[in-house]
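This briefing goes through the model shown below, topic by topic, for a reader who has the coordinates open.

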Amino acid sequence: MARDVCLLESDGWTPAVALEAFAAAHPQAGGLASFIGKVRPDEGVEALELSHYAPLTLPGMEALAEQTLARWPLDGILIHHRTGIMRPGAPIVLVAAAARHRRDAFEAADFAMDHLKSDAWFWKREKRSDGWHWIEPRAQDHADLERWQRDSRRTA
Amino acid sequence: MAITLVFLGKLADLAGTPDLQVAAPLDWNGLLASLPESLTEMAQGERVKLALNGSILAEKTALSANDGDEIALLPPVSGG
């Protein structure tokens with residue numbers, strides 16, 4: 001299947017295993033680009049919690065996968081995302097793109113990641129010694145997204 | 001049956017609960033009247049979106065919900 005999208009609600013997820021299965025599912029691909037996002041080990045952060053809204057979050061990720069497949073000639077796209085409580089250093093997200101040529105794979109993974117960071121229906125809070133704090137949207141994430149809108153205008 | 005209001009992210013903290021049952025039917029003014037006071041101002045701001053049964057409303061004030069519907073109040077996402 002070209003699209004491999006899932007939400008993982010529990011611990012014990014190993015991105016490397018998912019990546020191996022994805023590579024095996026696309027033996028014709030000339031290359032595979034992947035990105036693993038982890039809970040950044042910032043000072044004072046004890047845990048990160050990601051919450052989601054089931055009616056929107058997974059359908060939104062699936063739509064993003066379709067959008068990515070429509071924009072680049074890919075053999076496959078993978079988007080796996082954790083929810084729940086995670087410790088610093090734990091993996092949160094795995095994005096991978098399989099394509100005939102490397103540039104398509106790199107760009108598709110980058111595009112999917114930028115959209116996940118700014119568009120996906122996730123809310124984050126982090127636990128510090130004085131309790132939980134909600135994380136507000138970052139301006140940089142929106143700037144990253146605009147990059148692609150600019151590009152699509154240029155090529156349109 | 002009733003309508004379920006779902007509060008996401010920090011809105012759940014502000015509301016003091018992740019969800020709430022309210023009587024049907026419900027329009028935009030009815031929703032504002034049913035919300036915990038701590039949310040009424042924020043809900044009217046353009047950064048908070050509304051979803052009715054999993055579909056984002058383009059225009060919040062056009063809300064029209066009936067028995068069994070679920071309305072979600074969505075603050076800005078903090079990204080994956």
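This is a predicted model: local features need pLDDT of at least 70, side-chain atom pairs count only at pLDDT 80 or more; totals for chains, interfaces and linings use all residues.

Two strands are taken to pair if DSSP finds at least two bridges between them. With that criterion in mind, Glu126(A) has His133(A) in S8(A) as its bridge partner.

- Strand S7 (residues 122–128) of chain A is joined to S8(A) in the antiparallel sense over 4 bridges.

**The sheet that contains S6(A)**

- A further open sheet of 4 strands in chain A has the order S1-S4-S6-S2, with mixed pairing.
- Its edge strands, each pairing on one side only, are strand S1 (3–8) and S2 of chain A.
- Neighbouring strands of this sheet are turned against each other by 5° on average, direction ignored.
- Strand S2 (residues 31–38) of chain A runs antiparallel to S6(A) and is joined to S6(A) by 8 bridges; Leu32(A) stands opposite Ala98(A) in S6(A), while Lys38(A) has Pro91(A) in S6(A) as its bridge partner.
- Strand S4 (residues 74–82) of chain A also pairs with S6(A) in the antiparallel sense, over 7 bridges, and there the bridge partner of Ile79(A) in S6(A) is Val95(A).
- Strand S6 (residues 91–99) of chain A is largely enclosed by the rest of the structure, because 8 of its 9 residues are buried.

**Helices of chain A**

- Helix H1 (residues 15–25) of chain A lies across S1, S2, S4 and S6 of chain A, and runs at about 15° to S6(A).
- H2(A) packs on the sheet as well, where it touches S1 and S4 of chain A, its direction making about 155° with that of S1(A).
- The axes of helix H2 (residues 54–71) and helix H3 (residues 102–119) of chain A come within 10 Å and cross at roughly 150°; an angle over 145 degrees counts as roughly antiparallel, and H2(A) and H3(A) are therefore roughly antiparallel to each other.
- The crossing of H2(A) past H3(A) is right-handed, and the contact is made by Leu64(A), Thr68(A) and Arg71(A) of H2(A) together with Ala108(A), Phe111(A), Ala112(A), His115(A) and Leu116(A) of H3(A).
- By residue class, this contact of H2(A) with H3(A) divides into 5 nonpolar, 2 polar and 1 charged.

**Contact between the chains**

- Chain A contributes 19 residues to the contact and chain B contributes 12 residues.
- On the side of chain B that touches chain A, the residues divide into 6 nonpolar, 5 polar and 1 charged.

**Local backbone features of chain B**

- Ala24(B) and Pro25(B) are joined by a cis peptide bond with omega about -10°, and Pro25(B) is placed in the loop between strand S2 (19–22) and strand S3 (26–27) of chain B.
- Asn53(B), a residue other than glycine, has a positive phi near 50°, and lies in the loop between strand S4 (49–52) and strand S5 (55–56) of chain B.
- Asn53(B) counts as exposed because it has 11 C-beta neighbours inside 10 Å.

Notes:
Residues are numbered from 1 along each chain as its sequence is written. Chains are lettered from A and ligands numbered from 1 in the order in which they are written. Two residues are in contact if their C-beta atoms, placed from the backbone, lie within 7 Å. Ala, Val, Leu, Ile, Met, Phe, Trp, Tyr, Cys and Pro count as nonpolar, Asp, Glu, Lys and Arg as charged, and the others, Gly among them, as polar. Helices (H or I, at least four residues) and strands (E, at least two) are DSSP runs, numbered from the N terminus. Axes are lines fitted to C-alpha atoms, for helices over the stretch in contact, and angles run from 0 to 180 degrees between N-to-C directions. Angles under 35 degrees count as roughly parallel, over 145 as roughly antiparallel, 65 to 115 as roughly perpendicular and the rest as oblique. A crossing is left-handed if the near helix is turned anticlockwise from the far one by less than a right angle, and right-handed if clockwise. A residue is buried if 20 or more other C-beta atoms lie within 10 Å of its own, exposed if 12 or fewer, and partly exposed in between; C-beta atoms are placed from the backbone.
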